[in-house]
Amino acid sequence: MVLAMKLFLVEDDPSMQAVLQRTLSRRGIEVTVCGNGLQALEGWTQAHPDVVMLDLTLPGMDGLLVLEQARKQGLKTPVLILTARGTVGDRIVGLNTGADDYLPKPFDLDELEARLRALHRRQQHAAPEPAENMLRVGDLHYDKDSGAIYLRDQVMELTPRELALMRVLMGKPGHAVPKERLFELVFPGEDSVQPEAIEVVVYRLRKKLAQAQVTLMTLRGLGYLLKAGR
């Protein structure tokens, strides 16, 4: 039995609420409605939705602020912003705040449904939540079973040496790992490689971690450490 998608709709226009709830329900989507920004976070938490559809202009609290606070609280539900603010600048702000998609008003109901279902499918195929077989530092997590490192829900594209270095540092978050030890693990048995080569790996990793909420630090005389936050 396939369970219906659960949608949490945050929209203050009663007529828009009614149309969307009626239309999407007929299409097999379970819709929970909220019309106030101040109540949105509590409703979001209680509804346990698969997707959130969020208007930006809301009474009590602006939709972007709702989204920002939700992400800070660790709510990872995919979010489709639905708004009359249709400029490119508004779209960029919304996506940078943590939205997954953006549809300006007026919109086509078939396109809206397609976008909602695409977000739902993406969520179903996202990386699993870290468990005992995973290590987490900031918004990174390392799946010991697959050997992959994820930045949020996306697998990072790392070379074997970058991956080896990250595995070591993620195993000891906030603790310095000596440069010599890292070299042994990243370049095992490679006598022709100079110890300074580890610095090149670290340099490349820092570029790839630019969007992550982690810091790869150099501690002179001690080595390198990875810590959450910037």
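1. Start with the pair H2 and H3: Gly-37, Ala-40, Leu-41 and Trp-44 of H2 meet Val-66, Leu-67, Gln-69, Ala-70 and Arg-71 of H3. Contact here means heavy atoms within 4.5 Å. By class, that gives six nonpolar, two polar and one charged residues. For the classes, Ala, Val, Leu, Ile, Met, Phe, Trp, Tyr, Cys and Pro count as nonpolar, Asp, Glu, Lys and Arg as charged, and the others, Gly among them, as polar.

2. A word on what you're looking at: this is a predicted model, where local features need pLDDT of at least 70 and side-chain atom pairs count only at pLDDT 80 or more, while totals for chains, interfaces and linings use all residues. Residues are numbered from 1 along each chain as its sequence is written, and side-chain values use heavy atoms, with hydrogens and water left out. Helices (H or I, at least four residues) and strands (E, at least two) are DSSP runs, numbered from the N terminus.

3. Back to the geometry of that pair. H2 and H3 (residues 63-72) pack at an angle of about 30 degrees, and their axes are 9 Å apart. Axes are lines fitted to C-alpha atoms, for helices over the stretch in contact, and angles run from 0 to 180 degrees between N-to-C directions. H2 and H3 are therefore roughly parallel; the cut-offs are under 35 degrees for roughly parallel, over 145 for roughly antiparallel, 65 to 115 for roughly perpendicular, and oblique for the rest.

4. Next, H6 (residues 160-171) against H7 (residues 179-186): the angle is about 135 degrees, with 9 Å between the axes, so the two are oblique to each other. H6 passes H7 in a right-handed crossing. On the H6 side you'll find Arg-161, Ala-164, Leu-165, Val-168 and Leu-169, which meet Leu-182, Leu-185 and Val-186 in H7. That contact divides into seven nonpolar, no polar and one charged residues.

5. Which residues of H7 are buried? They are Leu-182, Phe-183 and Val-186. They line one face of the helix, because they fall within an arc of 100 degrees seen down the axis of H7 (the arc is that of the directions from the helix axis to the C-beta atoms). Their packing partners are H6, helix H8 (197-208) and strand E11 (223-228).

6. H6 also packs on H8, at about 85 degrees and with axes 10 Å apart, so this pair is roughly perpendicular. Arg-161, Glu-162, Leu-165 and Met-166 of H6 make the contact with Ile-198, Val-201, Val-202, Arg-204, Leu-205 and Lys-208 of H8.

7. Two backbone spots to check. Lys-105 and Pro-106 are joined by a cis peptide bond, with omega about -5 degrees; Pro-106 sits in the loop between strand E5 (101-104) and helix H5 (109-124). His-48, a residue other than glycine, has a positive phi near 50 degrees. His-48 is in the loop between H2 (37-47) and strand E3 (51-54), and is exposed at 58% relative accessible area.

8. Finally, look at Glu-113 in helix H5. Glu-113 counts as buried at 16% relative accessibility (buried is under 20% relative accessible area, exposed over 50%, partly exposed in between, with a 1.4 Å probe and protein chains only). Leaving aside neighbours within four places in sequence, Glu-113 is in contact with Arg-27 and Ile-29.

Key. A crossing is left-handed if the near helix is turned anticlockwise from the far one by less than a right angle, and right-handed if clockwise.
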